[in-house]
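Work through the exercises below with the sequence and the model side by side. Each task is followed by a solution that goes step by step.

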Amino acid sequence: MDTLLGISAGHIGILVWVIWLAIGVFEALLAARICEGRNLMADIVTGGIAGLLGGYFSVNFVGDAPLQRFLISVLGAIFLAAVALWILGRFLRRR
């Protein structure tokens with residue numbers, strides 16, 4: 001199995017980019033729903049960008065096989081989006 005969802009050794013498929021973006025937006029919506037008083041648009045932008053960056057950097061620097069790279073990239077997107085939203089929530093907290 002040389003590719004998974006269009007991921008080859010040197011290329012990242014468009015579907016994977018969409019998955020990373022969806023992870024970040026989902027986490028942003030979840031954070032806005034759970035924590036009252038958050039700015040929804042700032043959360044969505046931050047979560048989307050962090051999800052894309054987390055997935056991109058983890059797929060390029062960690063992993064051997066295509067399946068392993070995909071799973072690690074999803075975990076990287078989840079982790080970085082969560083951290084970015086947590087930091088954003090700390091700085092933009094309404095008093």
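Contact here means heavy atoms within 4.5 Å. This is a predicted model, in which local features need pLDDT of at least 70 and side-chain atom pairs count only at pLDDT 80 or more, while totals for chains, interfaces and linings use all residues. Residues are numbered from 1 along each chain as its sequence is written, and side-chain values use heavy atoms, with hydrogens and water left out.

**Exercise 1. Describe the secondary structure and the surface of the chain.**

Helices (H or I, at least four residues) and strands (E, at least two) are DSSP runs, numbered from the N terminus. On that basis the chain has three helices and zero strands, and reading along the sequence gives the pattern α-α-α.

The next step is the surface, for which accessible areas come from the Shrake-Rupley method with a 1.4 Å probe, and for residues only the protein chains shown count as cover. The accessible surface of the chain is about 6,200 Å², and carbon and sulfur atoms hold 71% of this area. A residue is called buried under 20% relative accessible area, exposed over 50%, and partly exposed in between (1.4 Å probe, protein chains only). By this rule 32% of the 95 residues are buried.

**Exercise 2. Find which residues Gly24 is in contact with, leaving aside its neighbours within four places in sequence.**

Begin by locating Gly24, which lies in helix 1 and is buried, at a relative accessible area of 0%. Once the neighbours within four places in sequence are set aside, the contacts of Gly24 are Gly47, Gly48, Gly51 and Ala81.

**Exercise 3. Work out how helix 2 and helix 3 pack.**

Axes are lines fitted to C-alpha atoms, for helices over the stretch in contact, and angles run from 0 to 180 degrees between N-to-C directions. The axes of helix 2 (residues 40-61) and helix 3 (residues 66-91) come within 7 Å of each other and cross at roughly 145 degrees. A crossing is left-handed if the near helix is turned anticlockwise from the far one by less than a right angle, and right-handed if clockwise; that of helix 2 and helix 3 is right-handed.

To sort the residues of this contact, count Ala, Val, Leu, Ile, Met, Phe, Trp, Tyr, Cys and Pro as nonpolar, Asp, Glu, Lys and Arg as charged, and the others, Gly among them, as polar. The contact of helix 2 with helix 3 then divides into 11 nonpolar, nine polar and two charged residues.

**Exercise 4. Is Asp43 buried or exposed, and how does Trp86 count?**

Asp43 belongs to helix 2 and is buried, because its relative accessible area is 2%. Beyond its neighbours within four places in sequence, Asp43 is in contact with Ala28, Ala32, Arg38, Leu85 and Leu88. Trp86, by contrast, sits in helix 3 and counts as exposed, because its relative accessibility is 55%.

**Exercise 5. Which residues form the largest nonpolar core?**

A nonpolar core is a set of buried Ala, Val, Leu, Ile, Met, Phe, Trp, Tyr and Cys residues joined through side-chain atoms within 4.5 Å. The largest one has seven residues, namely Val16, Trp20, Ile23, Val59, Phe70, Val74 and Ala77. Helix 1 (14-34) and helix 3 are the elements that give two or more residues to this core.
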